[in-house]
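Here is a friendly walk through some side-chain contacts and pockets. Have the viewer open as you read.

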Amino acid sequence: MTKTQIQLPDDLYRRVKHFAGQREWSMAETFRRGVEQLLDVYQQSPIPADEWHPPTPRNLGWKKLSAREMHELAQEDMEKTVS
């Protein structure tokens, strides 16, 4: 087993100490259980930045037009205004 040292804000320390005391756990046992739970909840590795892609946008356009169609209409409108 590896021994480690951590720093906690005073308020968090008091809360954890109270929590551990209510359960008759040591501080070490409380932190071990907390870390185990944290790792269970967040068990997936984050996706590397070069593999992440934003989700495909939904078609929420004006009058059911796609973003491309709205862009084309805006371009046409700008050309009419400039002419």
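## Contacts and pockets

Arg32 is partly exposed, with a relative accessible area of 36% (buried is under 20%, exposed over 50% and partly exposed in between, with a 1.4 Å probe and protein chains only). This is a predicted model, in which local features need pLDDT of at least 70 and side-chain atom pairs count only at pLDDT 80 or more, while totals for chains, interfaces and linings use all residues. Residues are numbered from 1 along each chain as its sequence is written, and side-chain values use heavy atoms, with hydrogens and water left out.

The term stands for a side-chain nitrogen of Lys or Arg within 4 Å of a carboxyl oxygen of Asp or Glu.

| Salt bridge | N to O distance |
|---|---|
| Glu29 and Arg32 | 3.2 Å |
| Glu29 and Arg33 | 2.6 Å |
| Glu72 and Arg68 | 3.2 Å |

Glu29, Arg32 and Arg33 are linked in a network of salt bridges. Glu29 and Arg32 are about one helical turn apart because three residues separate them in helix H2 (residues 27–41); helices are DSSP runs of H or I with at least four residues, numbered from the N terminus. Glu29 and Arg33, also both in helix H2, are four residues apart, again about one turn. Glu29 is partly exposed at 23% relative accessible area, and Arg33 is partly exposed at 38%.

Now for the rings. A search of the whole structure finds one aromatic pair. Phe19 and Trp25 form this pair, which is edge-to-face, with 6.0 Å centre to centre and 70° between the planes. By the rule used, rings of Phe, Tyr and Trp (its six-membered ring) pair if their centres lie within 6.5 Å, and planes under 30 degrees apart count as stacked, over 60 as edge-to-face and the rest as tilted. Phe19 is partly exposed at 35% relative accessibility, and Trp25 is partly exposed at 26%.

Each of these rings also has an arginine over it: the charged end of Arg23 sits 3.6 Å from the ring centre of Phe19, and that of Arg33 sits 4.0 Å from the ring centre of Trp25. A charge counts as over a ring if NZ of Lys or CZ of Arg is within 6 Å of the ring centre and within 35 degrees of the ring normal.

Which residues line the second largest pocket? They are Leu12, Arg15, Val16, Phe19, Trp25, Thr30, Phe31, Arg33, Gly34 and Gln37. The elements giving two or more residues to this lining are helix H1 (10–23) and H2, and H2 supplies the largest share, five residues. A pocket is an open set of points on a 1 Å grid over the protein atoms alone where a 1.4 Å probe fits, with protein on both sides within 12 Å along at least five of seven lines; lining residues have an atom within 4 Å of a point.

The lining of the largest pocket includes Arg32, Phe31 and Met1.
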